[in-house]
Amino acid sequence: MQNFSGTIDEFIKQACESIKTEADGKPALCAVSGGVDSAVCAVLANIALGDSLTCLFVDTGLMRKNEGDQVCEMFESAFSINLVRIDAEDRFLARLQGVTDPEEKRKAIGEEFIRVFEEEAAKLGEIGCLVQGTIYPDIMESGEDGHKQVKAHHNVGGMPTNIEFHAVIEPIKLLYKEEVRECARKLGLPDSFANRQPFPGPGLAVRCLGEVTKQKLALLREADAIFTEELEKAGLNDEVAQYFAIIPGLQTVGVRSDERSYEDMIALRAITSTDFVTAGSARLPYELIETVADRITSEVCGINRVVLDITPKPPGTVEWE
């Protein structure tokens, strides 16, 4: 397998032809998350398959604050494509109960996604094809195509071996992230899609270290929303490739209302990158970091410490798990 070397116009034409061939006249589901990868796949599949395509957004309960509603509103306002939303929070959290190992998390989430897709496909009639937004860095990091494994992405190494779909179609698996963004612009996708920062398929599960619980997810969502709000207010969101909060699952001693507290810690991560194979630490203004830390510790009850991750990739990965 080699990264695509032609023009984006050539890629779009070839991708549509390939989707049509691989679908082989059968109905198709396209997994959408609101990110640029799945949005590009949805548009390509819609061009190739038309009415035989159904897009599926699975709300896993592992999304950022208000993200499920935002994704559906954004998707429905931009495209005339059939979109079905599935509320699957309870089943995903139940599947993750007691799971602490990052690789096991990814595999559990990857399998649960497939099972949801299979169930929804069965409701629609014949189980046909699944279209998903795998990109080349996913394949590289998962140890496929001759690369050494870094982590099993839920849509590559994390997928179960027993899948009922006729085919799993990955139209953009030869592209890097910036090429996907260029493809999005060529297809006429709005900036809200083309410039959307990456969000991992397993969602906040890989930013919530250790066992995933509703309580930890709630703390993480609020802290992440504050970080995003302040970074965007400062006008830095276009200069930083990706930014988010992590809850490491460590509790530290602090002071709250003049009394000892023993609460969770939040880590902040902001990186610069074009291909996401390598990344640098974004040099955020100290005043911004201080403001974010002050807001998180005062507004999010249960958090008493904030730290900043300045590790480049390599040796660190963008995500913590």
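**Cysteines**

I began with Cys208, which is buried at 0% relative accessibility (buried is under 20% relative accessible area, exposed over 50%, partly exposed in between, with a 1.4 Å probe and protein chains only). I noted that this is a predicted model, where local features need pLDDT of at least 70 and side-chain atom pairs count only at pLDDT 80 or more, while totals for chains, interfaces and linings use all residues. Residues are numbered from 1 along each chain as its sequence is written, and side-chain values use heavy atoms, with hydrogens and water left out.

How many disulfides are there? I took a disulfide to be a pair of cysteine sulfur atoms within 2.5 Å, and the count came to 0. For Cys208, the closest cysteine sulfur is in Cys301, 17 Å away, so it is too far for a bond. Cys41 is also buried, at 0% relative accessibility. Its closest cysteine sulfur belongs to Cys30, and the 5.7 Å between them is too far for a bond.

**Backbone**

I looked up the cis peptide bonds next. One joins Lys313 and Pro314, with omega about -15°. Another joins Pro314 and Pro315, with omega about 10°. Pro314 lies in the segment after β10 (303–309), and Pro315 lies in the segment after β10 as well. Helices (H or I, at least four residues) and strands (E, at least two) are DSSP runs, numbered from the N terminus.

Phi of Ser257 is near 55°, a positive value in a residue other than glycine. Asp258 is in the loop between β7 and β8 too, and its phi is near 65°, again positive without being glycine. Are these residues buried or exposed? Ser257 is exposed, at 65% relative accessible area, and Asp258 is exposed at 78%.

**Largest pocket**

I used a 1 Å grid over the protein atoms alone; a pocket is an open set of points where a 1.4 Å probe fits, with protein on both sides within 12 Å along at least five of seven lines, and lining residues have an atom within 4 Å of a point. The largest pocket has a volume of about 820 Å³, the space filled by probe spheres set on points joined across faces, edges and corners.

Its lining has 30 residues, and Asn195, Arg196, Gln197, Glu232 and Tyr243 lie nearest the centre. Which helix gives the most to the lining? It is α9, with 5 residues.
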